[in-house]
Amino acid sequence: MWRRAIVTPVYKSGAAYDVSNYRPISLTCVFCKVMERVIVSEMSDYLRQKGLINKHQHGFLSRRSTTTNLLETFDDWSLAINDRASVITAYIDFSKAFDVVSHNKLLQKLAACGIAGNLLSWIKNFLCGRSQVTRVGHSYSDVAYLTCSGVIQGSCIGPLVFVIYVNDVSDAFSDGCICKLYADDIKLYSVMRTVNECKNFQESLDALYNWSSTWQLPIFYQKCSFMVIGNLKNDKDLSFSFHLGNNDISGEEGAKDLGIYTDSSLKFSRHINHIVAKAHARASLIPKCFLSKDRSI
């Protein structure tokens, strides 16, 4: 029973008729979640005491969040601009990262962290042999039996083991390239003072591509982009182009960074305009809720 789940699809964005625009959230046994909470608490304390979690990971960890990720990032960018340098940033998006994690490779990484014995056997048993049904309204699909890949979205232990799975990605880069993580959202950036440093940044992208191929996390190339912040972006003699494998990634003047809209000038006018437009749209719906516009009513 602990390995059964009722999947509720949660709409993300895009066309509502496309099933790929929904996030599958697994509703599992309450007693199972209590057990998971106990295990997650003990594992988190162990990983923290041993210093095994990457300091650049901000997802699903206590005292870390999207806010801490953004504060560290914007602090580095601001210091670089104050030093009259530029920053090149790449946003990397994995395709269905939670669903394609290889169980064998995950268990290998857990063992490398010192998680062994009964606990490792419990996690292996918990991830394998799972079944699920999808619920929409009051209707249920047929039972589907899962293959040996993926971690459970909506579970307590799923996010933590995924953080362990991507924990070593920053080891693939040189010291000049900084990698900020929020679960499966990866942001690479490097301070540039000369044009030759663009070549070093491409080498970092090549290292990321090799890492993703090794650990079987496919990259969603259409959602990957890069942005140049600072003085070099205005140099007409320069043309920036980067690629991941055989796929070019597009250059953008702005990006949505963990919910915050930013641009190559580090101004927040785009983000403010987005919030104002959203508030206007919500406010315009209020009068439509009234059948009568008589003031006395």
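Is D257 buried or exposed? Select D257 to begin: at 3% relative accessibility, this residue counts as buried. The model on screen is a predicted one.

**Stop 1**

**Stop 2: E72 and K180**

A search of the whole structure gives four salt bridges. For another of them, select E72 and K180, whose closest N and O atoms are 2.5 Å apart. This pair also links distant parts of the chain: E72 is in helix α2 (residues 66-82), K180 is in strand β7, and 108 residues separate them. K180 is buried, at a relative accessible area of 4%. E72 is partly exposed, at 33%.

**Stop 3: D168 and K109**

Next, select D168 and K109. Their salt bridge has its closest N and O atoms 2.8 Å apart. D168 sits in the loop between α5 (157-165) and β7, while K109 is in helix α3 (residues 103-112); the pair links distant parts of the chain, 59 residues apart. D168 counts as partly exposed because its relative accessibility is 26%, between the limits of 20% and 50%. K109, with a relative accessible area of 8%, is buried.

**Stop 4: the largest pocket**

Hide the salt bridges and turn to the pockets. The largest has a volume of about 1600 Å³. Select K12, R23, D93, D184 and K223: of the 47 residues in the lining, these are the closest to the pocket centre. Then colour the strands that give two or more residues to the lining: β1 (4-11), β2 (22-27), β3 (86-93), β4 (131-136), β7 (177-182), β8 (185-192) and β12 (254-257).

Which element gives the most to the lining of the largest pocket? Select β2, which gives four residues. Colouring the lining by residue class shows 22 nonpolar, 13 polar and twelve charged residues.

**Stop 5: the second largest pocket**

Move on to the second largest pocket, which holds about 330 Å³ of space. Its lining has 18 residues; select D99, Q132, L146, S149 and V151, the ones nearest its centre. Strands β1, β2 and β4 each supply at least two residues of this lining. By class, the lining of the second largest pocket divides into eight nonpolar, eight polar and two charged residues.

**Stop 6: a nonpolar patch on the surface**

Finish on the outside. Select M1, W2, F31 and M35, which make a nonpolar surface patch of about 480 Å². Within this group, centre on F31, which is placed in helix α1 (residues 30-50). Is F31 buried or exposed? F31 is exposed, because its relative accessible area of 64% is over the 50% cut-off.

Note on methods: Residues are numbered from 1 along each chain as its sequence is written. This is a predicted model: local features need pLDDT of at least 70, side-chain atom pairs count only at pLDDT 80 or more; totals for chains, interfaces and linings use all residues. Side-chain values use heavy atoms; hydrogens and water are left out. Patches are made of residues with over 30% relative accessible area and no salt bridge: like charges are joined within 9 Å, nonpolar side chains (Val, Leu, Ile, Met, Phe, Trp, Tyr) within 5 Å. Accessible areas come from the Shrake-Rupley method with a 1.4 Å probe; for residues, only the protein chains shown count as cover. A salt bridge is a side-chain nitrogen of Lys or Arg within 4 Å of a carboxyl oxygen of Asp or Glu. Buried means under 20% relative accessible area, exposed over 50%, partly exposed in between (1.4 Å probe, protein chains only). On a 1 Å grid over the protein atoms alone, a cavity is a set of points where a 1.4 Å probe fits but cannot get out, and a pocket is an open set with protein on both sides within 12 Å along at least five of seven lines; lining residues have an atom within 4 Å of a point. Grid points are joined across faces, edges and corners, and a volume is the space filled by probe spheres set on the points. Ala, Val, Leu, Ile, Met, Phe, Trp, Tyr, Cys and Pro count as nonpolar, Asp, Glu, Lys and Arg as charged, and the others, Gly among them, as polar.
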